[in-house]
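Subject: Structure for you to look at

Hi,

Here is the structure I promised to pass on.

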Amino acid sequence: FQQFQLCLYTTINHNMSNLAGADSYKEQMKNNQRKIKATQIRSQINDKLTESGEREKLKELLRSRLIESGWRDQLKTKCKDIIQNKGLEKITVQQLVEEITPYARSTVPENIKSELLSHLREFIQQQLE
């Protein structure tokens with residue numbers, strides 16, 4: 001009888017694990033479908049931005065705002081510091097880009113990010129109308 005109980009217990013646990021695994025698999029599939037949909041939407045937005053010329057306008061707006069804010073000069077100074085610390089002969093352009101990119105992204109002023117996001121929202125809203 002004890003062997004039967006042990007066998008039954010093992011079977012139940014195994015089946016419960018399979019059910020939990022199935023639920024987990026379903027959740028993973030849902031998450032993957034959401035990611036695919038988000039990627040497709042981003043792609044469509046990028047296509048519309050490019051086709052309409054809005055991408056270039058936004059890039060120019062970003063460039064001018066970053067220059068006005070002093071961000072570009074700050075970034076140049078940071079690059080010079082990195083090159084001086086590592087030595088010109090000991091750092092490649094790729095290494096410099098890899099080191100400076102996180103810093104560059106983290107120092108973009110919030111008001112500039114907000115302005116660009118606002119322009120993007122307006123563009124998307126116009127496309128939906």
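Predicted model: local features only at pLDDT ≥ 70, side-chain atom pairs only at ≥ 80, totals over all residues.

I began with α3, which covers residues 71-86. Its end C-alpha atoms lie 23 Å apart, and this agrees with the 22 Å that its 16 residues should span at 1.5 Å a residue. W71, L75, C79 and I82 are buried in α3. Viewed down the helix axis, these buried residues fall within an arc of 80°, so they line one face of α3. As for partners, the buried residues of α3 pack against α2 (54-69) and α4. Just after the end of α3, G87 has a positive phi of about 100°.

Next comes α4, with 14 residues (93-106). From first C-alpha to last, α4 reaches 20 Å, close to the 20 Å expected at 1.5 Å a residue. Even so, α4 has a kink of about 35° at I100, shortly before the proline P102. I100 is also buried, as are L96 and A104 in α4. The buried residues of α4 pack against α3.

What sits over the ring of Y103? The charged end of K78 does, 4.9 Å from the ring centre. With a cut-off of 6.5 Å between ring centres, the count of aromatic pairs is zero.

Best wishes

Terms used
Residues numbered from 1 in each chain as written. Heavy atoms only, no water. Phe/Tyr/Trp six-rings, centres within 6.5 Å; stacked < 30°, edge-to-face > 60°. Lys NZ or Arg CZ within 6 Å of the ring centre and 35° of its normal. Helix = DSSP H or I, 4+ residues; strand = E, 2+ residues; numbered from the N terminus. Expected span 1.5 Å × (residues − 1). Bend = angle between axes of the 7 residues up to and from the residue. Buried < 20%, exposed > 50% of the residue type's maximum accessible area, 1.4 Å probe, protein only. Contact = heavy atoms within 4.5 Å. Arc of directions from axis to C-beta.
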